[in-house]
Amino acid sequence: MENTAAPAAATPRPRPQPFEPARRRRSAPWLALVAAGYALVQLLVVVPHIGHALGWDESVYVSQVDPRNPAAYFSAPRSRGISMLVAPVVAVTSSIPVLRVLLAVLSAVALYAAFRVWRRLLGPGTVALAALLFAGLWITQISGPAVMPNLWVALGAVAAVGWFLRLPAERNARWWLAAVIAGVTLVRTPDGGWLALPLLGAAVVVRAWRPALPALLGGLALGAMQWVGEAYARFGGIMDRLKVSSDVEGGMGLHFNVGAALRSLNGPQLCRPCEVPLRHPELTAWWLALPLLTAAAIVMAVRDRRDRRERVSRPGAPHLGHSLALSILPIVCATALALPYLLLIGYFAPRFLMPSYALLALPIAELALRTVKAARSPQPVAVAVGVVITLQLASQYVVLGRSAAQSERVNGSYRTAAAALHRLGLRPPCLVAGDRALPIAYHAGCASAQTSGNNRSIAPAALVLRSAREPTALLTHRSRPRPPAYAQTWVAYPLPGTGWIAHLPPDQAREVRSRQKESGNPGSMGPMMTATTTSWGGFEAAEPEFSAVVRERFQRYRHHVLATLRQDGSPRVTGLEADFRFGEMWLGMMPDSRKALDLRRDARFAIHANPGPDTGMDGGDVRVSGRAVEVTDPEMLARFAEEVHPPEPFRLFRVEVTEVVRTAVEGSDPVLQTWRPGEPVRTTRRGADDSAPQGEGGS
């Protein structure tokens, strides 16, 4: 049968389209932006202030690997990891600005790497916020370009806890955990032990974490190897090094140090002894809120665990929480790292708790974001959280500016003092001892030594012997300018622009004066040469016979004549009593007297001994010139008042001698005796036909 139906129209086949995978919306690189901002703040705010000089501890760490300068004494509590970190840079360049810039960049990279470990655990938003909370702290920002270990311990702690939590699901995490623990222990060995302690406990208790035990123990052993070897080589063993470390720290024991921690929240950067008041308490909201926020994070984690149990009992129920360990373990490790600084030592520095701050930032950031998500109206809550964080960052920026400026003043004074020592003739090889000797010596290119204190490295007798072989300076601060007994005869040179006085051995001081005379420019040394001084005890030690004559002449009468300088530079002459005791010459006066105000403004003076009631001047005419150093030490003032019983209130000045002159008549010839620090007594006899000096020698 014929089919009469019309053929259907041919349907065209659709052309194959290229496969397009579903597009995933990429989140913004918030963590990278935080790290970049962290580096930018350091480069723009911190480095310009501290880029020209190193601090005290920094000079110790850098000197260990600096091929151009002698290594400073390395005390028992220190670890050498931070020196190893900067060794490649220091080997190539001596530029401190270059070192600061490279550390700023490296610390930002380390911040990114440490917090990125947590992305799989908490998510990118939470991790970026945690990094921002930690990087926004003033102590974190000022520590980035610094050659100090605490920031690197903090970042290592964040990475170590993150790799520990990732270990059950990722086999390679154990190697990263071992490497990070080794690095933290190398940088600061005690902190490595305190960090590993709770992790070891967790690994023993929880079976899933037991594979972390070899990594933790191996990392600790590897990181502590250098510290242990040095303990046996220098201190006699591990326990001996720990004992010496305890002595350096002021005696490790039970010290409730929380008060010191609170007082130093906004500076100073080292509080020892910590007797300063809390500065700008209005800027401490973040620090004071930390315990409350930590407690809230623990409550949230516990509720999450309870919700998860309910979800298991009700299949299909939604759950948005995290494992309890993600919040609790960082808090436990933060507590362990804080305990030795809050309970075992008697001083404090804000950098000590940086590892704890870094770890606590993780659960607190999670708490903030979970609070926003759980709110019925998330947008207002998010705005409120954003405002709080912005205010926190602004407050930290205010403290940062003040702290950076303070660091600039302190570190800059070290470099200024080093430059003044160069002008005095100290050139390598040379030696600097005394107050702040370690950083000043490093900037001067000299070796450093201390005869007492935490950095004691040489005996006084050995220091005196060494001073005979190489240029040596002993530093004292103007608040306590008297040198120790072995340097009583050394000549004092105030270092302009600083608070220090450099005491040089007499032979070295004579060389300084000789170079000045040979240069033909008596004023080339500026005020340093015109203000060379020594204590009265130094005068007595250098010239016992002549000083006894001068002292007897002053003690013969009670009242003498003091010359000071008025504000306009004209002289003022007033009566005064002079007192000799405790190996010093003292000037006491009423607190608001004109002469006291003169000396506080300009310390230069001259005091003329009472010539007596007639014209004979038995014993000669005596004058002492110098600088009057005001005494502010309460113990010294109390000791003086107990023996002298002056009318109170009073001001007390200690005499620093620049010149002693005695004029007498022997036979028919006037005799002039002059003594200056670092020189013998010069005796000049003038006869009727001879006006030239007859010679030099002792009196």
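Colleague: What makes a stretch of this predicted model a helix?

Modeller: A helix here is a DSSP run of H or I with at least four residues. Residues 151-169 are 84% helix and 0% strand, with end C-alpha atoms 29 Å apart. Residues 98-115 are 100% helix and 0% strand, and their end C-alpha atoms lie 26 Å apart.

Colleague: Why is H8 called mostly covered?

Modeller: A residue counts as buried when its relative accessible area is under 20%. In H8, 17 of 17 residues are buried, so the helix is described as mostly covered. For the protein chain, 49% of the 699 residues count as buried.

Colleague: What makes strands S12 and S13 a pair?

Modeller: Two strands pair if DSSP finds at least two bridges between them. S12 (residues 651-666) and S13 (residues 669-675) have seven, in the antiparallel sense, so they qualify. Threonine 663 has leucine 672 in S13 as its bridge partner. In this hairpin, with two residues between the strands, glycine 667 takes a positive phi near 70 degrees.

Colleague: How do you know that S13 also pairs with S14?

Modeller: S13 and S14 (residues 682-685) share four antiparallel bridges, against a requirement of at least two, and therefore pair. Glutamine 673 has threonine 683 in S14 as its bridge partner.

Methods: Residues are numbered from 1 along each chain as its sequence is written. This is a predicted model: local features need pLDDT of at least 70, side-chain atom pairs count only at pLDDT 80 or more; totals for chains, interfaces and linings use all residues. Side-chain values use heavy atoms; hydrogens and water are left out. Buried means under 20% relative accessible area, exposed over 50%, partly exposed in between (1.4 Å probe, protein chains only).
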